[in-house]
Amino acid sequence: MGRVGPLGPLFKELRARSSFAPPPLPKPQWGYMSWSSPGGAEVCATSLSSDAHGTFRMPRVCASSRTNVSAQMDGFSAGVAQAQANSSTSAVVTIVLDKLEKPYLVKQPESRVREAGQNVTFCCKASGNPMPKKYSWFHNGTLLERREHRYGAHLELRGLRPDQAGTYHCKAWNDAGSVHSGSARLIVLAPGQPACDPQPREHLIKLPDDCSQPGTGPAYLDVGLCPDTLCPSPAGSSPRCGDPGSRCCSVRRLESREIHCSSYVLPIKVVAECGCQKCLPPRGLVRGRVVAADSGEPLRFAQILLGSKPIGFTSYQGDFTIEVPPSTQRLVVTFVEPSGNFMDTVRVLPFDPRGAGVYHEVKAMRKKDPVILDASQTNMLPLGELEEEPPLGELVFPPGAFRRANGEPYSGAVEARVTFVDPRDLTSAAAAPSDLRFVDGDGDLAPLRTYGMFAVDLRAAGSIEQLQAGPLAVRVAAGQIRMAGHVEALKLWSLNPDTGLWEEESGFQREESAAPRVRREERVFLVGNVEIRERRLFNLDVPERRRCFVKVRAYANEKFAPSEQVEGVVITLVNLEPSPGYSANPRAWGRFDSAVTGPNGACLPAFCDADQPDAYTALVTATLGGEELEPAPSRPRPLPATVGVAQPYLDKLGYRRTDHDDPALKRNGFRINLAKPRPGDSTEVNGPVYPWRNLRECQEAPVTASHFRFARMEVDKYEYNVVPFREGAPASWTGDLLAWWPNPQEFRACFLKVKVQGPQEYMVRSHNVGGSHPRTQGQLYGLRDVRSVRDPQRPGTSAACVEFKCSGMLFDQRQVDRTLVTIMPQGSCRRVAVNGLLRDYLARHPPLAPADDPATFAMLAPLDPLGHNYGVYTVTDQSPRLAKEIAIGRCFDGSSDGFSREMKADSGTAVTFQCREPAAGRPSLFQRLLESPETALGDIRREMSQVAQAQARGEGPLRTRRGRAWQ
């Protein structure tokens with residue numbers, strides 16, 4: 001150790017490790033060592049370096065002195081610790097270095113409306129390592145003077161003037177970089193200027209088919225809507241970040257009207273006046289299911305992390321529900337499967353910030369089977385194992401590369417699992433993690449183009465002990481990177497599971513690959529290095545500057561009416577390989593993005609090229625809950641009026657629906673060339689593709705501008721509410737005794753499963769009126785029509801999941817109402833069976849339904865939720881759409897906790913009807929009831945009398961349990 005004396009040699013073992021990676025870091029560059037003498041003098045030592053295990057010796061320092069040692073290393077924040085004497089001649093110090101982490105936003109500024117002279121406060125908060133302490137604020141892109149406004153993370157503006165309206169955003173810095181927030185809009189109203197126009201906007205709803213004139217098509221009625229815009233709070237703004245007095249433009253007054261249909265009068269309430277009211281607090285909700293990408297089996301009891309915070313577990317069926325925290329812009333969720341057989345699944349889930357629920361099916365990727373490695377030898381593992389395709393590259397583990405969690409070398413057998421997400425396999429896009437974004441040098445979120453992702457799981461053979469390794473060589477075949485400029489730009493990235501952002505690990509250098517092993521053909525490799533210190537996902541990516549946005553809208557049906565746009569639809573765009581023969585981009589997919597449609601559709605980021613239209617192509621799909629939407633057709637050739645894009649841009653984009661070349665394929669998406677619009681070309685400046693800098697123009701484009709279209713295919717489904725309500729916009733809820741949903745904070749969906757025995761599919765209607773409440777008894781709440789779905793396993797059998805209005809408290813929360821529900825199939829149908837448990841429940845909970853027509857089924861709806869054993873499916877959720885989607889999935893499956901899109905007609909039914917085709921020229925009972933109820937009921941009574949007489953003689957043409965002849 002050296003001489004012993006007051007200033008003798010001293011051995012100090014310094015173990016430097018990052019806060020996220022316990023093992024020692026190799027070769028950190030030490031800064032200065034300093035200690036304080038009894039007189040307070042400070043002495044500095046020269047720079048030193050640690051060895052491969054993070055240890056070093058520092059001579060000529062007193063062991064008894066109180067010495068502070070500092071260390072620094074590229075990519076890590078400086079660390080300081082005090083040496084602790086362990087004998088008279090030596091001391092030990094351990095310094096922990098935290099890896100530098102670029103800042104990321106945890107609170108975004110929010111839009112506000114104020115009157116001139118009021119105050120406003122915008123708030124911004126960033127995290128990272130080190131914690132950001134420097135903030136700047138910008139107004140309409142111009143930096144605001146710090147001294148004038150005295151801002152930090154908060155910007156307070158007092159005595160507002162009209163010229164201070166516009167957009168505001170913040171920018172935060174730390175030693176690793178910067179990030180800037182999204183923009184918040186400030187509207188400053190002049191004195192006397194109304195924030196909410198009292199005149200409602202147009203909002204058309206479709207009326208029942210029998211409410212239109214014969215031969216004129218469907219009828220629509222303008223019921224009005226209020227725009228749900230912000231209003232100024234009465235007292236201006238407090239200096240706090242929140243705005244507890246938030247008010248919104250919403251319904252102030254409704255008017256009752258009557259619609260005269262073919263044989264009845266339909267009541268309706270329309271918006272008569274809008275005004276500023278207290279906002280309903282938005283509660284963004286994300287629900288979904290986590291399943292294995294290869295088998296579809298649910299991931300049971302997987303831990304759910306929101307960022308780094310555990311928030312719960314998936315259910316036995318893999319279901320999950322997440323309430324989105326306020327002011328969230330990126331919802332980063334990690335699912336950790338307990339058995340360790342699946343990769344940690346990190347997703348950035350799109351959501352609706354206005355409060356509507358969104359459903360996602362998350363696919364988890366199974367880890368590869370383990371390979372046994374000899375730690376004393378060089379080991380090579382391939383990256384990519386597609387049939388008839390060479391590996392994209394390989395991982396090279398040099399001898400002695402493995403170590404335990406405490407930094408000690410490991411020399412035993414190693415179980416290694418390297419799982420590779422190969423973009424040459426199109427199906428792997430569904431299981432790919434994150435949203436392929438990083439923070440660039442300007443603090444902007446920028447997209448990456450991937451050439452593959454991999455996860456490495458290393459364990460001591462025969463145990464669960466996790467191992468670390470490094471540095472490893474990552475070798476990528478340069479021949480697989482054919483896009484111009486991408487060989488030079490390729491980098492290795494790792495995914496930060498807390499932020500969902502990719503962080504740069506290393507670059508690549510070109511290497512001729514004749515060594516270290518003999519190959520069948522000479523290949524050029526790109527080589528980079530990586531340390532395996534924790535369970536992170538790695539990515540072979542290139543930042544791409546050729547970017548644009550694609551405008552997509554979703555509609556209720558294939559008529560694509562502007563008033564029937566559907567919100568809450570998840571649109572997914574996957575960048576694909578180009579047309580055959582263009583060799584610059586041979587990958588199956590390069591990146592993917594998802595967005596949720598709002599009242600004005602959605603804008604999806606994508607890669608595009610102005611010079612070569614097919615340099616980048618895309619596959620676009622849309623889902624709502626478990627339902628796949630269909631885009632506009634393209635056979636035999638796409639029509640501009642149907643697709644929604646004008647010529648000649650449509651031909652340049654090469655629009656093709658997925659069934660264009662083969663009608664047998666599913667019609668669930670379309671492919672396009674991502675041809676960037678040319679500046680100054682009048683045929684391309686109006687969408688559907690917008691330059692990257694024109695996001696606002698894309699978001700605010702009118703419905704008349706070019707866009708791509710999807711439509712729901714549930715055309716045989718109709719909903720009518722006496723009090724109009726847009727399920728995708730919770731703020732449109734209006735308090736009224738006849739409201740279908742009585743509570744805007746909790747939505748309860750109820751469905752009845754109706755089995756139909758007959759040669760075709762049949763429309764089934766539920767008619768819902770007040771049943772027991774004295775103020776709504778006999779008054780209509782709404783109608784629901786749905787077509788039955790065939791059971792693929794039961795020929796001649798179908799079933800319908802029919803929504804009815806749940807019984808319970810009305811909006812005033814004073815008294816319950818047992819809804820009187822009448823189920824009526826369309827056609828010559830008769831009821832042949834009722835679920836025994838449901839019949840007994842209704843008998844034990846009077847009153848019974850007042851009529852018992854054998855062609856219908858009537859009940860006073862139960863107050864209890866019941867379940868599949870009764871044929872009743874009830875789901876309560878914070879989102880009406882999600883509540884209905886989940887209930888329908890359970891109804892199709894015939895269970896209380898399952899989910900299916902394939903109808904199982906014999907499972908969990910409430911009532912069964914038999915139907916047959918009516919005699920030629922004779923209208924169905926359903927049609928007869930609509931056109932002339934008295935005549936139809938008279939016919940039924942006469943038929944029942946005839947059957948009773950025939951039964952008495954023992955010669956009825958067809959006996960039923962109710963004694964009714966089926967004519």
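Where does Pro132 lie? I found Pro132 in the loop between β11 (125–129) and β12 (134–139).

**Entry 1: ground rules.** I am working with a predicted model, in which local features need pLDDT of at least 70 and side-chain atom pairs count only at pLDDT 80 or more, while totals for chains, interfaces and linings use all residues. Residues are numbered from 1 along each chain as its sequence is written, and side-chain values use heavy atoms, with hydrogens and water left out.

**Entry 2: Pro132.** Buried means under 20% relative accessible area, exposed over 50%, and partly exposed in between, with a 1.4 Å probe and protein chains only. I then listed the contacts (heavy atoms within 4.5 Å). Leaving aside neighbours within four places in sequence, Pro132 is in contact with Pro103, Ala126, Ser127, Ala172, Trp173 and Asn174. I also checked Val179, which is 47 residues from Pro132 in sequence and 10.0 Å away in space, C-alpha to C-alpha.

**Entry 3: whole chain.** I counted nine helices and 66 strands in the protein chain. Both are DSSP runs numbered from the N terminus: helices are H or I of at least four residues, strands are E of at least two. Of the 967 residues, 54% count as buried. For contacts with a separation of 6 or more, 69% are between residues 24 or more positions apart. The accessible surface comes to about 42900 Å², and carbon and sulfur atoms hold 50% of that; the area comes from the Shrake-Rupley method with a 1.4 Å probe.

**Entry 4: a five-strand sheet.** I traced an open sheet in the order β54-β57-β56-β62-β64, with antiparallel pairing. Two strands pair if DSSP finds at least two bridges between them. β54 (717–721) and β64 (857–860) each have a single partner strand, so one side of each lacks a neighbour in the sheet. Between β54 and β57 (residues 780–787) I noted five bridges. One of the residues I followed was Lys717, whose bridge partner in β57 is Val786.

**Entry 5: Gly782.** Staying in strand β57, I picked Gly782. Gly782 counts as buried because its relative accessibility is 0%. Not counting residues up to four places away in sequence, Gly782 touches Tyr720, Asn721, Val722, Trp740, Ser766, His767 and Asn768. Ala739 is 43 residues from Gly782 in sequence and 8.8 Å away in space, C-alpha to C-alpha.

**Entry 6: nonpolar cores.** A nonpolar core is a set of buried Ala, Val, Leu, Ile, Met, Phe, Trp, Tyr and Cys residues joined through side-chain atoms within 4.5 Å. Which residues have the most contacts inside the largest one? I read off Phe397, Phe454, Leu458, Val474, Leu540 and Phe708, in a core of 74 residues. This core draws at least three residues from each of domain 4 (371–511 + 524–543) and domain 5 (547–711), with bounds from an automatic or database domain assignment. I listed what Phe708 touches beyond four places in sequence: among them are Val550, Val643, Leu653, Tyr655, Phe670 and Pro688. A second, separate core has 44 residues, including Leu221, Trp740, Val769 and Ala905.

Entry 7: Two bridges join β20 to β21 (residues 247–260), and Leu230 has Cys248 as its bridge partner in β21.
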